[in-house]
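Trainee: Can we go through this one together? I would like to start with the charged pairs.
Mentor: Fine, here it is.

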Amino acid sequence: MNQQLAIDLNCDMGESFGAYHLGHDADILRYVTSANIACGFHAGDPLVMRRTVKLALAQGVAVGAHPGLPDLVGFGRREMAVSPDEVYAMVVYQVGALQAFVQAEGGKLHHVKPHGALYNMATANTALAEAVAEAIYKVQPEAVLYGLSGSELIKAGERLGLATASEVFADRTYQQDGTLTPRSFADALLTDQVEALLRVLRMVREGKVASQQGRDISLRADTVCIHGDRPDALPFARHIHEVLQSEGILLRAAGGSER
(Lines give C-alpha, C1' and ligand atoms only; values in the text may rest on other atoms or scores of the structure.)
Protein backbone atom coordinates (compact mmCIF):
# COMPACT_ATOMS: atom_id res chain seq x y z
CA MET A 1 0.00 0.00 0.00
CA ASN A 2 1.43 3.38 -1.02
CA GLN A 3 2.01 5.87 1.77
CA GLN A 4 0.06 9.12 1.39
CA LEU A 5 2.18 12.09 0.40
CA ALA A 6 2.54 14.86 2.98
CA ILE A 7 4.10 18.30 2.84
CA ASP A 8 4.68 21.26 5.13
CA LEU A 9 3.81 24.76 3.93
CA ASN A 10 5.99 27.36 5.63
CA CYS A 11 5.86 31.14 5.40
CA ASP A 12 8.14 33.94 6.61
CA MET A 13 6.20 36.16 9.02
CA GLY A 14 6.46 38.83 11.69
CA GLU A 15 8.32 41.12 9.31
CA SER A 16 6.63 44.37 10.29
CA PHE A 17 8.74 46.84 12.28
CA GLY A 18 7.55 49.71 14.46
CA ALA A 19 5.17 51.85 12.41
CA TYR A 20 5.86 49.85 9.22
CA HIS A 21 3.49 47.03 8.32
CA LEU A 22 4.43 44.17 6.01
CA GLY A 23 2.51 41.07 5.02
CA HIS A 24 -0.88 39.51 5.81
CA ASP A 25 0.14 37.27 8.68
CA ALA A 26 -3.23 36.74 10.35
CA ASP A 27 -4.87 35.69 7.08
CA ILE A 28 -2.02 33.60 5.68
CA LEU A 29 -1.81 31.59 8.92
CA ARG A 30 -5.07 29.92 7.90
CA TYR A 31 -3.32 28.24 4.98
CA VAL A 32 0.18 27.29 6.19
CA THR A 33 1.44 24.69 8.64
CA SER A 34 4.58 26.40 9.94
CA ALA A 35 5.57 30.03 10.48
CA ASN A 36 9.12 31.40 10.38
CA ILE A 37 9.05 34.48 12.62
CA ALA A 38 11.59 37.27 12.23
CA CYS A 39 13.69 37.85 15.35
CA GLY A 40 14.52 41.56 15.16
CA PHE A 41 17.78 41.59 13.19
CA HIS A 42 16.46 41.83 9.60
CA ALA A 43 12.82 42.60 10.50
CA GLY A 44 10.39 42.42 13.39
CA ASP A 45 10.48 43.93 16.86
CA PRO A 46 9.48 42.61 20.31
CA LEU A 47 5.81 43.57 19.96
CA VAL A 48 5.59 42.11 16.46
CA MET A 49 7.33 38.94 17.60
CA ARG A 50 4.91 38.45 20.48
CA ARG A 51 1.84 39.21 18.38
CA THR A 52 2.89 36.85 15.59
CA VAL A 53 3.71 34.02 18.01
CA LYS A 54 0.27 34.37 19.59
CA LEU A 55 -1.46 34.36 16.21
CA ALA A 56 0.40 31.27 15.07
CA LEU A 57 -0.21 29.31 18.25
CA ALA A 58 -3.90 30.21 18.17
CA GLN A 59 -4.14 28.73 14.66
CA GLY A 60 -2.24 25.57 15.59
CA VAL A 61 0.65 26.52 13.30
CA ALA A 62 4.16 25.32 14.19
CA VAL A 63 6.31 28.26 15.32
CA GLY A 64 9.88 28.69 14.15
CA ALA A 65 12.63 31.27 14.57
CA HIS A 66 13.80 33.08 11.44
CA PRO A 67 17.20 34.55 12.34
CA GLY A 68 18.92 36.85 9.85
CA LEU A 69 21.86 39.17 9.44
CA PRO A 70 21.74 42.51 11.33
CA ASP A 71 20.57 44.52 8.33
CA LEU A 72 17.16 46.17 8.77
CA VAL A 73 17.74 48.54 5.85
CA GLY A 74 18.54 45.71 3.46
CA PHE A 75 15.94 43.34 4.93
CA GLY A 76 18.70 40.83 5.60
CA ARG A 77 19.10 40.10 1.90
CA ARG A 78 22.58 41.60 1.50
CA GLU A 79 25.64 39.48 2.19
CA MET A 80 27.96 40.54 5.01
CA ALA A 81 31.50 39.48 5.84
CA VAL A 82 30.72 37.55 9.02
CA SER A 83 32.76 34.86 10.74
CA PRO A 84 31.41 31.52 11.98
CA ASP A 85 31.76 32.81 15.56
CA GLU A 86 29.63 35.85 14.71
CA VAL A 87 27.01 33.70 12.99
CA TYR A 88 26.87 31.35 15.98
CA ALA A 89 26.32 34.27 18.35
CA MET A 90 23.71 35.90 16.10
CA VAL A 91 21.70 32.71 15.83
CA VAL A 92 21.86 31.93 19.56
CA TYR A 93 20.74 35.50 20.32
CA GLN A 94 17.79 35.47 17.93
CA VAL A 95 16.59 31.92 18.53
CA GLY A 96 16.76 32.52 22.25
CA ALA A 97 14.65 35.65 21.94
CA LEU A 98 11.95 33.99 19.85
CA GLN A 99 12.01 30.89 22.05
CA ALA A 100 11.30 33.09 25.07
CA PHE A 101 8.18 34.55 23.44
CA VAL A 102 6.97 31.07 22.47
CA GLN A 103 7.52 29.75 26.00
CA ALA A 104 5.77 32.79 27.52
CA GLU A 105 2.69 32.01 25.42
CA GLY A 106 2.63 28.35 26.45
CA GLY A 107 4.08 26.92 23.26
CA LYS A 108 7.28 25.21 22.16
CA LEU A 109 9.70 26.28 19.46
CA HIS A 110 9.32 23.84 16.57
CA HIS A 111 11.98 24.83 14.05
CA VAL A 112 14.64 27.29 12.95
CA LYS A 113 15.08 28.58 9.42
CA PRO A 114 17.81 31.13 8.61
CA HIS A 115 16.68 34.13 6.59
CA GLY A 116 17.81 35.69 3.33
CA ALA A 117 21.53 36.21 2.85
CA LEU A 118 22.36 34.18 5.96
CA TYR A 119 20.39 31.25 4.54
CA ASN A 120 22.09 31.51 1.16
CA MET A 121 25.58 31.90 2.64
CA ALA A 122 25.12 28.90 4.94
CA THR A 123 23.71 26.89 2.05
CA ALA A 124 27.13 26.81 0.39
CA ASN A 125 29.60 27.57 3.21
CA THR A 126 30.30 24.59 5.45
CA ALA A 127 31.76 26.60 8.33
CA LEU A 128 28.78 28.97 8.46
CA ALA A 129 26.36 26.07 8.15
CA GLU A 130 28.02 24.34 11.09
CA ALA A 131 27.83 27.55 13.14
CA VAL A 132 24.08 27.80 12.49
CA ALA A 133 23.50 24.13 13.31
CA GLU A 134 25.58 24.27 16.50
CA ALA A 135 23.71 27.36 17.71
CA ILE A 136 20.38 25.59 17.24
CA TYR A 137 21.67 22.43 18.92
CA LYS A 138 22.90 24.35 21.96
CA VAL A 139 19.68 26.38 22.40
CA GLN A 140 16.96 23.92 21.37
CA PRO A 141 18.27 20.51 20.26
CA GLU A 142 14.74 19.26 19.60
CA ALA A 143 14.13 21.97 16.99
CA VAL A 144 13.98 21.08 13.31
CA LEU A 145 16.51 22.81 11.06
CA TYR A 146 14.94 24.01 7.82
CA GLY A 147 17.42 24.36 4.97
CA LEU A 148 17.66 24.20 1.19
CA SER A 149 17.45 20.66 -0.13
CA GLY A 150 20.92 19.20 -0.60
CA SER A 151 22.62 22.14 1.11
CA GLU A 152 25.47 22.39 3.59
CA LEU A 153 22.86 23.47 6.16
CA ILE A 154 21.07 20.15 5.94
CA LYS A 155 24.34 18.22 6.05
CA ALA A 156 25.58 20.16 9.08
CA GLY A 157 22.34 19.57 10.93
CA GLU A 158 22.43 15.86 10.21
CA ARG A 159 26.02 15.57 11.43
CA LEU A 160 25.00 17.09 14.76
CA GLY A 161 21.95 14.88 15.09
CA LEU A 162 19.37 17.62 14.53
CA ALA A 163 16.10 16.80 12.84
CA THR A 164 16.12 18.48 9.44
CA ALA A 165 13.54 19.48 6.85
CA SER A 166 14.70 19.88 3.25
CA GLU A 167 13.10 22.98 1.79
CA VAL A 168 11.93 23.81 -1.72
CA PHE A 169 10.56 27.11 -2.95
CA ALA A 170 7.22 27.73 -4.62
CA ASP A 171 8.13 31.08 -6.15
CA ARG A 172 11.87 30.89 -6.85
CA THR A 173 13.79 29.49 -9.81
CA TYR A 174 16.70 27.08 -9.55
CA GLN A 175 20.19 26.83 -11.00
CA GLN A 176 21.68 23.57 -12.29
CA ASP A 177 23.68 23.08 -9.07
CA GLY A 178 20.48 23.09 -7.01
CA THR A 179 20.91 26.61 -5.62
CA LEU A 180 18.31 29.35 -5.94
CA THR A 181 18.70 31.91 -8.71
CA PRO A 182 20.05 35.10 -7.04
CA ARG A 183 17.41 37.78 -6.52
CA SER A 184 19.56 40.19 -8.54
CA PHE A 185 18.66 38.17 -11.66
CA ALA A 186 15.50 39.10 -13.57
CA ASP A 187 14.30 35.47 -13.65
CA ALA A 188 14.78 34.77 -9.94
CA LEU A 189 11.10 34.94 -9.03
CA LEU A 190 8.10 33.08 -10.42
CA THR A 191 5.10 35.39 -10.61
CA ASP A 192 2.72 33.07 -12.48
CA GLN A 193 0.68 31.18 -9.87
CA VAL A 194 -0.22 28.32 -12.20
CA GLU A 195 3.40 27.70 -13.16
CA ALA A 196 4.50 27.89 -9.53
CA LEU A 197 1.84 25.43 -8.44
CA LEU A 198 2.72 22.93 -11.16
CA ARG A 199 6.35 23.09 -10.04
CA VAL A 200 5.35 22.52 -6.42
CA LEU A 201 3.28 19.48 -7.32
CA ARG A 202 6.17 18.01 -9.30
CA MET A 203 8.69 18.68 -6.52
CA VAL A 204 6.43 16.99 -3.97
CA ARG A 205 5.48 14.03 -6.15
CA GLU A 206 8.63 13.40 -8.17
CA GLY A 207 11.40 15.16 -6.26
CA LYS A 208 12.43 17.05 -9.38
CA VAL A 209 12.42 20.60 -10.72
CA ALA A 210 13.58 22.11 -14.01
CA SER A 211 16.58 24.39 -13.66
CA GLN A 212 16.98 27.66 -15.54
CA GLN A 213 19.48 25.82 -17.72
CA GLY A 214 16.68 23.55 -18.92
CA ARG A 215 17.68 20.33 -17.17
CA ASP A 216 15.96 18.54 -14.31
CA ILE A 217 17.60 18.45 -10.90
CA SER A 218 16.70 16.09 -8.07
CA LEU A 219 15.75 17.38 -4.63
CA ARG A 220 13.97 16.37 -1.46
CA ALA A 221 10.78 18.24 -0.57
CA ASP A 222 9.84 18.13 3.12
CA THR A 223 8.65 21.73 3.30
CA VAL A 224 7.59 24.33 0.72
CA CYS A 225 8.31 28.02 1.32
CA ILE A 226 5.73 30.67 0.48
CA HIS A 227 7.02 34.23 0.75
CA GLY A 228 4.69 36.43 2.76
CA ASP A 229 6.01 39.70 1.29
CA ARG A 230 4.99 39.07 -2.33
CA PRO A 231 2.04 41.24 -3.50
CA ASP A 232 -0.27 38.26 -4.07
CA ALA A 233 0.90 36.30 -1.00
CA LEU A 234 -2.56 35.69 0.45
CA PRO A 235 -4.33 34.36 -2.68
CA PHE A 236 -1.18 32.44 -3.57
CA ALA A 237 -1.11 30.71 -0.17
CA ARG A 238 -4.83 29.96 -0.33
CA HIS A 239 -4.56 28.53 -3.85
CA ILE A 240 -1.62 26.25 -3.05
CA HIS A 241 -3.35 25.06 0.14
CA GLU A 242 -6.58 24.23 -1.70
CA VAL A 243 -4.96 22.47 -4.64
CA LEU A 244 -2.65 20.34 -2.51
CA GLN A 245 -5.60 19.23 -0.41
CA SER A 246 -7.67 18.50 -3.52
CA GLU A 247 -4.79 16.35 -4.82
CA GLY A 248 -4.91 14.24 -1.66
CA ILE A 249 -1.63 15.54 -0.24
CA LEU A 250 -1.58 15.92 3.55
CA LEU A 251 -0.60 19.33 4.90
CA ARG A 252 1.36 19.13 8.14
CA ALA A 253 4.37 20.68 9.78
CA ALA A 254 7.63 18.77 9.39
CA GLY A 255 7.34 16.02 11.97
CA GLY A 256 3.94 17.38 13.06
CA SER A 257 0.23 16.82 12.68
CA GLU A 258 -2.15 17.33 9.77
CA ARG A 259 -4.14 20.53 9.27
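Mentor: The side chains of Arg-220 and Asp-222 meet in a salt bridge, with N and O 2.9 Å apart. A salt bridge here is a side-chain nitrogen of Lys or Arg within 4 Å of a carboxyl oxygen of Asp or Glu. Keep in mind that this is a predicted model, where local features need pLDDT of at least 70 and side-chain atom pairs count only at pLDDT 80 or more, while totals for chains, interfaces and linings use all residues. Residues are numbered from 1 along each chain as its sequence is written, and side-chain values use heavy atoms, leaving out hydrogens and water.

Trainee: Is Arg-220 buried or exposed?
Mentor: Arg-220 counts as exposed, at 54% relative accessibility. The cut-offs are under 20% relative accessible area for buried, over 50% for exposed, and partly exposed in between, with a 1.4 Å probe and protein chains only.

Trainee: How many salt bridges are there in the whole structure?
Mentor: A search of the whole structure gives 12. In general, side chains of opposite charge can pair when their charged atoms come close.

Trainee: Which residue does Lys-113 pair with?
Mentor: Its partner is Glu-167, at 2.7 Å from N to O. Lys-113 sits in the loop between β4 (111–112) and α4 (116–124), and Glu-167 in strand β6 (residues 163–169), so the pair ties together parts that are 54 residues apart in sequence. Helices (H or I, at least four residues) and strands (E, at least two) are DSSP runs, numbered from the N terminus.

Trainee: Are those two buried or exposed?
Mentor: Lys-113 is buried, with a relative accessible area of 3%. Glu-167 is buried too, at 0%. Asp-12 is linked with Lys-113 and Glu-167 in a network of salt bridges.

Trainee: What does the side chain of Asn-36 do with Asp-12?
Mentor: The two side chains make a polar contact at 2.8 Å. The side chain of Asn-36 also makes one with the side chain of Asn-10, at 2.8 Å. A polar contact is a pair of N or O atoms within 3.5 Å; within protein, one must be able to donate a hydrogen and the other to accept it, and residues adjacent in sequence count only if both atoms are side-chain atoms.

Trainee: Where is Asn-36?
Mentor: Asn-36 lies in strand β2 (residues 34–38), and it is buried, with a relative accessible area of 0%.

Trainee: New topic: helices. At what angle do α3 and α5 cross?
Mentor: The axes of α3 (residues 84–104) and α5 (residues 126–139) cross at roughly 35 degrees and come within 8 Å. Axes are lines fitted to C-alpha atoms, for helices over the stretch in contact, and angles run from 0 to 180 degrees between N-to-C directions.

Trainee: Which residues make the contact?
Mentor: Among them are Val-91 and Gly-96 of α3, and Glu-134, Ile-136 and Lys-138 of α5. Contact means heavy atoms within 4.5 Å.

Trainee: Tell me about Ile-136.
Mentor: Ile-136 is buried, with a relative accessible area of 0%. Its C-alpha atom is separated by 9.3 Å from that of Gly-96, 40 residues apart along the chain.

Trainee: And what does Lys-138 form with Glu-134?
Mentor: A salt bridge, with the closest N and O atoms 3.2 Å apart. Both residues lie in α5, four residues apart, about one turn of the helix. Lys-138 is exposed at 51%, whereas Glu-134 counts as partly exposed at 33%.
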